[in-house]
Amino acid sequence: MRVIFLPEVREYFDFLADTLFEKEYFAFEENARQYAKELFDDIEENLPVRWKRPAPKHFEKYGKDMYYSGFKKNRSTTWYAFFTKYEKDGEDVYMVRHIENNHTAGHFL
């Protein structure tokens, strides 16, 4: 099994770290970067073994026939990875096309 991320999703993790620091969710930039890195690593390592549900139509702008899985990072925030799954050379491949948290996407799920 392999998990890959679209380039724009990879870029989002840098944006996320910058935003978390700028909006003072973290007092230190390195802590914001660590949070984003841990989220990335969690998705990369655990997506294949997580529950998955079909993504609502609202998210089709990121891809067709997608699924999503949740990654709880603290008591108030769950991140959702939206992905497609396919097989290449006998290996399951999970392509992460978008991520969003419950504060922005929760009402669509």
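**Helix packing and strand pairing in the predicted model**

Strand β4 (residues 78-88) runs antiparallel to β3, to which six bridges join it. Between β3 and β4 lie five residues, and the two strands form a hairpin. Within the pair, Phe-71 is found opposite Trp-79 of β4. Strand β3 (residues 67-72) also pairs with strand β2 (residues 53-54), again in the antiparallel sense, over two bridges. Here Arg-53 faces Tyr-68 of β3 as its opposite number.

Turning to the helices, α1 (residues 7-22) packs with α2 (residues 29-46) at an angle of about 145°, the axes being 8 Å apart. Their crossing is right-handed. On the α1 side, the contact is made by Arg-10, Phe-13, Asp-14, Leu-16, Ala-17, Asp-18, Leu-20 and Phe-21, while α2 brings in Glu-29, Ala-32, Arg-33, Tyr-35, Ala-36, Leu-39, Phe-40 and Ile-43. Sorted by class, this contact has 11 nonpolar and five charged residues, with no polar ones.

One further residue of helix α2 deserves a look, namely Asp-42. Its relative accessibility is 13%, so Asp-42 counts as buried, the limit being under 20%. Beyond its neighbours within four places in sequence, Asp-42 is in contact with Leu-47, Arg-50, Phe-71 and Lys-73.

How values were computed:
Residues are numbered from 1 along each chain as its sequence is written. This is a predicted model: local features need pLDDT of at least 70, side-chain atom pairs count only at pLDDT 80 or more; totals for chains, interfaces and linings use all residues. Side-chain values use heavy atoms; hydrogens and water are left out. Axes are lines fitted to C-alpha atoms, for helices over the stretch in contact, and angles run from 0 to 180 degrees between N-to-C directions. Helices (H or I, at least four residues) and strands (E, at least two) are DSSP runs, numbered from the N terminus. A crossing is left-handed if the near helix is turned anticlockwise from the far one by less than a right angle, and right-handed if clockwise. Contact means heavy atoms within 4.5 Å. Ala, Val, Leu, Ile, Met, Phe, Trp, Tyr, Cys and Pro count as nonpolar, Asp, Glu, Lys and Arg as charged, and the others, Gly among them, as polar. Buried means under 20% relative accessible area, exposed over 50%, partly exposed in between (1.4 Å probe, protein chains only). Two strands pair if DSSP finds at least two bridges between them.
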